[in-house]
Amino acid sequence: MSQWIFDTNDKQFESEVIERSKEVPVVVDFWAPWCGPCQTLGPLLERLATEHNGAFVLAKVNVDESPGLAQAFGISSIPMVVGLRDGKIVNEFVGALPEAGVRQFLSKLMPSEAEQLAREGDSLHLSGRTEEAEAAFRRAL
């Protein structure tokens, strides 16, 4: 596992996934060791998380060990992948998609350039750098 890939469970999900998604997009991989398609999708998600160098983090949830999370998300089939940003579900899919499909899923999860510039503007504004903030907001528009 890398710094962008971690296992989580019922007890840690709120802090490790929901709260963290307010800082960086989080992809949650609901899987089980006995699930054949999970064994294909999991390594692909891990490779893409490493490839993106922290642009998103990958949380892995073993549904056998965290049945409460599986129930809370209404999971009836795995693998199931959920993308969260700002504490909310942005996108999801069920099944082992090919790499192109997973990349498309990620592109919908990642903040756009305009969203990144707007966040930069907010940060600059909060630190009192209003002229720089205004410039960032203008670029975002």
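How many salt bridges does the count come to by the rule used here? The count comes to seven, where a salt bridge is a side-chain nitrogen of Lys or Arg within 4 Å of a carboxyl oxygen of Asp or Glu.

## Ground rules

This is a predicted model, in which local features need pLDDT of at least 70 and side-chain atom pairs count only at pLDDT 80 or more, while totals for chains, interfaces and linings use all residues. Residues are numbered from 1 along each chain as its sequence is written, and side-chain values use heavy atoms, with hydrogens and water left out.

Helices (H or I, at least four residues) and strands (E, at least two) are DSSP runs, numbered from the N terminus. For accessibility, buried means under 20% relative accessible area, exposed means over 50%, and partly exposed is in between (1.4 Å probe, protein chains only).

## Helix H2

Let's start with helix H2, which covers residues 36–51. How far apart are its end C-alpha atoms? They are 24 Å apart, which agrees with the 22 Å that its 16 residues should span at 1.5 Å a residue; the expected span is 1.5 Å times one less than the number of residues. After H2 comes asparagine 53, which has a positive phi, near 50°.

The buried residues of H2 are Cys38, Leu41, Gly42, Leu44, Leu45, Leu48 and Ala49. Their packing partners are strands S1 (5–7), S2 (26–31), S3, S4 (80–85) and S5 (88–94), together with helix H4 (99–109). Contact here means heavy atoms within 4.5 Å.

## Helix H4

In H4, the buried residues are Gly101, Val102, Phe105, Leu106 and Leu109. Seen down the axis of H4, these buried residues fall within an arc of 140°, so they line one face of the helix. The arc is that of the directions from the helix axis to the C-beta atoms.

On the other side of H4, Ala100 and Lys108 are exposed. The buried residues of H4 pack against S2, H2, S4 and S5.

## Salt bridges

One of the salt bridges joins lysine 60 and glutamate 46, with the closest N and O atoms 3.4 Å apart. This pair links distant parts of the chain, since lysine 60 is in strand S3 and glutamate 46 is in helix H2, 14 residues apart. Is lysine 60 buried or exposed? Lysine 60 counts as buried at 6% relative accessibility, whereas glutamate 46 is partly exposed, with a relative accessible area of 26%.

Two other pairs each sit within a helix. In H2, arginine 47 and glutamate 51 are four residues apart, about one turn of the helix, and their side chains meet in a salt bridge at 4.0 Å, N to O. Arginine 47 is partly exposed at 41% relative accessibility, and glutamate 51 is partly exposed at 39%. In H4, the side chains of glutamate 99 and arginine 103 meet at 2.9 Å, N to O, again with four residues, about one turn of the helix, between the two positions. Glutamate 99 is partly exposed at 29%, as is arginine 103 at 32%. Salt bridges that share partners join Arg47, Glu51, Glu99 and Arg103 into one network.

## Aromatic pairs

A pair of aromatic rings is described by the distance of the centres and the angle of the planes. The structure holds three aromatic pairs. Rings of Phe, Tyr and Trp (its six-membered ring) pair if their centres lie within 6.5 Å; planes under 30 degrees apart count as stacked, over 60 as edge-to-face and the rest as tilted.

Among the pairs, phenylalanine 13 and phenylalanine 73 are edge-to-face, 5.5 Å centre to centre with 75° between the planes. Phenylalanine 13 is in helix H1 (residues 13–19) and phenylalanine 73 in the loop between H3 and S4, so this pair ties together parts that are 60 residues apart in sequence. Phenylalanine 13 is buried at 6% relative accessibility, while phenylalanine 73 is partly exposed at 21%. Phenylalanine 30 and phenylalanine 73 form a tilted pair, 5.1 Å centre to centre with 50° between the planes. Phenylalanine 30 lies in strand S2, so its pair with phenylalanine 73 ties together parts 43 residues apart in sequence. Phenylalanine 30 is buried, with a relative accessible area of 0%. Together, Phe13, Phe30 and Phe73 form one aromatic cluster.

## A buried loop residue

Finally, serine 66 lies in the loop between strand S3 (57–62) and helix H3 (67–72). Serine 66 is buried, with a relative accessible area of 1%. Which residues does serine 66 touch, not counting residues up to four places away in sequence? Serine 66 touches Thr8, Asn9, Asp10 and Val61.
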